[in-house]
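Me: I'm new to reading protein structures. Could you walk me through one?

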Amino acid sequence: MLRTAYFLKAENQLGFNSCKNCSSSTSNMIQLRNLKTFRLVHSIFSCTFASKTNRVLVGDPKPSHFSLQSQLLCRHVTSEISANQHNFTVTYLINSCGLSPEGAISASKWVELQSPERADSVLEFLRNYGASQTQISKLIRSRPTLLSTDPEKTLLPKLEFFSSLEISKVDLLKTLAFNPHLLAVSLRNRILPTYNFLRSMLSEKNVGVVFKLNSWIFLEGHCKHVVPNIGLLRESGMPQPCISFLLTRGTRVLMVNPEKFGQLVSEVKEMGFNLEKSTSVNALRVSCGKNKLVLNRSREVLKTWGWSEDDFLSAFRKNPQCMIVSEKKLMQAMDLLVNKMGWSSGMIAKYPVVLSLSLERRLIPRCSVVKVLLLKGLINENLNLGSLLKPAEKQFLEIFVNRYLDEVPELLSVYQGKVDIEAL
């Protein structure tokens with residue numbers, strides 16, 4: 001609450017009154033445009049139409065007295081002024097913000113710069129804060145209206161708040177470049193209430209994790225979807241540590257429409273997951289959104305390797321995350337383990353975690369060592385797959401490399417990829 005009070009006080013001191021500022025800015029813009037139009041038209045009609053031009057521009061109660069020809073010419077001059085302002089905006093977006101011509105034209109639909117001063121102050125503020133030119137370009141391309149803001153009043157309070165979370169400036173700038181709308185949403189009405197909600201269930205460090213991984217919750221808020229979905233999980237028996245883990249690492253899952261989220265929970269339970277166990281959290285994450293498409297694709301790929309539906313469900317219950325690796329990775333791992341190492345597809349289904357391990361850093365080096373030891377008859381071919389691939393590197397080296405260096409001096413080089421198995 002002290003954090004909230006501090007940033008709300010700062011916001012008030014800086015004069016956060018969007019309606020008042022908007023009205024003032026609009027009034028100034030209209031006055032400026034009218035003045036420019038008046039000067040141009042006055043110079044053109046200084047002799048013949050001077051008095052009538054003055055009456056129209058200052059608000060003559062009977063502008064119809066102005067000749068049709070003069071009215072049309074006045075509109076034409078005003079139109080040219082607008083076109084010039086648009087051209088200036090596009091040029092500024094290209095030269096000062098680093099946008100492409102196409103990007104600048106698109107962005108110019110949302111902002112019209114009258115002069116470079118305000119926009120320059122915004123860019124200077126972002127540079128001084130540490131933003132790179134690439135990050136600035138991303139910010140302006142996604143949120144061009146930032147150029148018309150007062151950086152001290154609108155940007156600084158938000159940046160100070162986000163910096164107070166346990167995240168580095170590098171991570172903060174990366175997140176803002178990915179999601180520039182965070183700089184436009186209300187600190188008082190959206191960001192702080194969402195922060196207070198998250199802080200009621202998470203540590204300060206984990207709130208920072210949410211900000212880095214799932215910053216969209218600070219835009220969409222927590223009331224509409226997240227709160228009712230957490231309520232459903234509690235009613236279904238999920239303990240608070242599991243809910244907090246899902247909120248930290250799978251925030252987007254909790255932001256799903258409550259009706260769809262209810263269906264998702266039912267599907268996970270039907271697949272045999274116990275919501276009281278942490279594996280159910282990963283099952284929810286894997287079964288949601290685009291991940292579900294990847295999950296179904298993995299099911300079909302593994303069936304081509306001889307897995308049954310029961311094999312798939314058994315493996316999925318043991319390690320849900322191993323089912324959302326890329327199709328290429330899945331095929332390479334199965335080819336290595338089944339075709340090159342000769343292990344049965346059913347054995348891999350019992351140890352599905354191996355499908356998520358790195359090919360280059362773990363599977364290939366370890367399988368190469370085991371292949372040599374098998375060829376030389378130094379280990380039993382009925383080797384437990386889990387004992388081979390799951391241990392940490394130090395433990396693996398002790399059991400499968402160092403122990404056999406007298407019989408196979410090149411074994412460490414095989415593990416390091418320096419010696420081809422065929423050369424032994």
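Reply: Gladly! Let's start with a word: a contact means heavy atoms within 4.5 Å. Leaving aside neighbours within four places in sequence, leucine 355 is in contact with residues including Trp307, Leu302, Ile348 and Lys329. This is a predicted model, where local features need pLDDT of at least 70, side-chain atom pairs count only at pLDDT 80 or more, and totals for chains, interfaces and linings use all residues. Residues are numbered from 1 along each chain as its sequence is written, and side-chain values use heavy atoms, with hydrogens and water left out.

Me: Which residues have the most contacts inside the largest nonpolar core?

Reply: In soluble globular proteins, nonpolar side chains tend to be buried together. A nonpolar core is a set of buried (under 20% relative accessible area, 1.4 Å probe, protein chains only) Ala, Val, Leu, Ile, Met, Phe, Trp, Tyr and Cys residues joined through side-chain atoms within 4.5 Å. Here the largest one has 117 residues, and Trp307 and Leu355 have the most contacts inside it. Helix α22 (residues 359-375) gives the most to this core, seven residues.

Me: At what angle do helices α11 and α14 pack?

Reply: Two packed helices are described by the angle between their axes and the distance between the axes. For α11 (residues 204-213) and α14 (residues 240-249), the angle is about 40 degrees and the axes are 8 Å apart. On the α11 side, Asn206, Val209, Val210 and Leu213 make the contact; on the α14 side, Leu247, Thr248 and Arg249 do.

Conventions: Axes fitted to C-alpha atoms, helices over the stretch in contact; angles between N-to-C directions. Helix = DSSP H or I, 4+ residues; strand = E, 2+ residues; numbered from the N terminus. Buried < 20%, exposed > 50% of the residue type's maximum accessible area, 1.4 Å probe, protein only.
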